[in-house]
Amino acid sequence: MNYLNRYYTTIIKFLDKKLPFYRYYDEEYSYQDLKLFCFKFLTFIKKNRKKKKLTIATYSNKSFEMYASIFPILLSNSTWVPLSIEYPFERLIDICEQVKPDILLFDENIDNKIIQRMQTKIRNCRFIKYEMINNIKLKDKINFDKYVNKISYDNTAFIYFTSGSTGLPKGIKVSHSNIINQVYFQIKSLYNIKKNNLIFGDYYNTAFSIFFDIYFPAIFLGSCLSPSKKKYENFLILDHLNENKINILVCVPSTFERLRLYYKDKLRINLKNLIFTGEPFYLGLLKYVLKVSKSKRIYNCYGGTEMGNWVFYHKCKKNDLISFKKDNLVPIGKPFDDNIVRIEKNSELVVKSKTISNGYLDNKLNSKFIFSKNKNTFYTSDKVIKKGGVYLCKGRIDKMVKISGYRVEISEVEANFYKLKFIRQCVVYLRKKDSYNFILCAAVSLSKKEKKNNETLIRHQLKKYLPPYMIPKKIDIYKSLPLNINGKIDRKRFS
């Protein structure tokens, strides 16, 4: 058996055990419950499959059924597309028009009006409630090994969508091979697999790439997943973390910064692993984390969905506070085994790895990729330097910014401003308040006929097209935006 097969067969072995798979306070399901749902789901697929490879989207508020459906989707050689309940309707349709799902799975508690509107827009797609899967009566048991043996590991296992420079979200194709190589790198370097009873906290929607680094290692280790379902649980995670006995936390630094601002020196946190990713990790926060956390395994990890996710890791230590004082940054460290990296003359990081994805759905966007049989190459657009045997990430060479770990293409936000007919000119920019507080801002001018629109009304209109984190927190309205000597909007005035 090759190591790619071993990923799925290892998970299958857990399905006969009473180990906890999913926990949300008193709501708990075991791996045996996962097995039963897998049987029902694969039976449903077998009866309803009209073509070899299906595309299946999930639209859920982190129910057990949604978590349980991902594994059989991959086993059935289908492609999974996570849809966030935070997405506005127009964004959902943009994504569905690109992937053309055959099946869309949704929870009972999802707004029926949204589902009805989606049904009128998405052609040839079956809308299935998870309840229907749960009600399937089983006649025969499923032979999991047959499914494992039929998996095409280079095929797309799932598609994540991120902000796109064209004004539309762009889909990234991640293969089974990308997932499995990524998990093996992480398990080898980050986790003590001798430890059991691991419970992974999940404070991000399933359409956010950090979910990748929570779900797939967790099920390979036979661990429990504990999601947050309410906004306040995402904002201040401590109560959820303690009450669900979470001991593995993967989060963006700004999540922990909120804990620092709220609890100050009173915070005490006991975790087996604490992993930061998705944003710059500053030394001031590291100093605080080292003070309030008992964890001996604190890491800073770097990557991106195109890279399948993490390609660098760094085990944090007190000495970092001295070694990198001038940079005020925790290093992204060194690449995982078998990853090849280099830095171009313009300081751009280039990565060659088995984890590099199959590129974007739109082939026209794949200029940053070099595809090959064993390892793809990706030009990251990140500025990276090497210092003292490790690497530090110094920002971007393009117009992409990070808001609480979410990638935002400035050009996509601007493109959606121009969907509002009364917008004549627009500049979107990032304003820094302090280390972990950045706000997205916009400066606009309106057509001469429009005098009624104000900042509140503009923001309300944008909700039709953009998720909350992509809508500027401050919108200034000008009679006319300043121009440079070439007659273009003078962006430097707003940087």
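1. D320 and K317 form a salt bridge whose closest N and O atoms are 3.7 Å apart, the term being used here for a side-chain nitrogen of Lys or Arg within 4 Å of a carboxyl oxygen of Asp or Glu.

2. The model is a predicted one, in which local features need pLDDT of at least 70 and side-chain atom pairs count only at pLDDT 80 or more, while totals for chains, interfaces and linings use all residues. Residues are numbered from 1 along each chain as its sequence is written, and side-chain values use heavy atoms, with hydrogens and water left out.

3. The salt-bridge count comes to 23. Among them is the pair of D16 and K35, with the closest N and O atoms 2.4 Å apart; because D16 lies in the loop between α1 (3-14) and β1 (20-24) and K35 in helix α2 (residues 31-48), this pair ties together parts that are 19 residues apart in sequence. Helices (H or I, at least four residues) and strands (E, at least two) are DSSP runs, numbered from the N terminus. Elsewhere, D327, K387 and K394 are linked in a network of salt bridges.

4. The salt bridge between R23 and E28 has its closest N and O atoms 2.9 Å apart. R23 is buried, with a relative accessible area of 13%, while E28 counts as partly exposed at 42% relative accessibility.

5. Strand β1 is mostly covered, with four of its five residues buried. It pairs with strand β2 (residues 27-30) in the antiparallel sense over four bridges, where pairing requires that DSSP find at least two bridges between two strands. Y22 stands opposite Y29 in β2, and the two strands form a hairpin with two residues between them, Y25 in the turn having a positive phi of about 55°.

6. How many of the residues of helix α3 are buried? Twelve of its twelve residues are buried, including F64, Y67, F71 and L75. The helix (residues 64-75) reaches 18 Å from its first C-alpha to its last, close to the 16 Å expected at 1.5 Å a residue, the expected span being 1.5 Å times one less than the number of residues. Just after α3, N77 takes a positive phi of about 65°.

7. Y147, in helix α7 (residues 144-150), is buried, with a relative accessible area of 18%. Leaving aside residues up to four places away in sequence, Y147 touches L42, L75, S76 and I142, contact meaning heavy atoms within 4.5 Å; of these, L75 is also one of the buried residues of α3. By C-alpha to C-alpha distance, Y147 is 31 Å from I93, the two being 54 residues apart in sequence.

8. S353 is placed in strand β17 (residues 348-353) and counts as buried at 0% relative accessibility. Its side chain joins that of N339 in a polar contact of 2.5 Å, and a polar atom of the S353 side chain lies 3.0 Å from the backbone nitrogen of T355. A polar contact is a pair of N or O atoms within 3.5 Å; within protein, one must be able to donate a hydrogen and the other to accept it, and residues adjacent in sequence count only if both atoms are side-chain atoms. Apart from residues up to four places away in sequence, S353 touches F185, N339, K375 and N376.

9. N376, in strand β19 (residues 376-387), counts as buried at 7% relative accessibility. The N376 side chain reaches the backbone oxygen of S357 at 3.0 Å. Its contacts, again not counting residues up to four places away in sequence, include V351, S353, I356, N358 and F371.

10. With a disulfide taken as a pair of cysteine sulfur atoms within 2.5 Å, the count comes to zero. The closest cysteine sulfur to that of C38 is in C224, 16 Å away and therefore too far for a bond; C38 is buried, with a relative accessible area of 0%. C441 is likewise in no disulfide, the nearest cysteine sulfur, that of C426, being 12 Å away, and C441 is buried, with a relative accessible area of 1%.

Technical notes. Buried means under 20% relative accessible area, exposed over 50%, partly exposed in between (1.4 Å probe, protein chains only).
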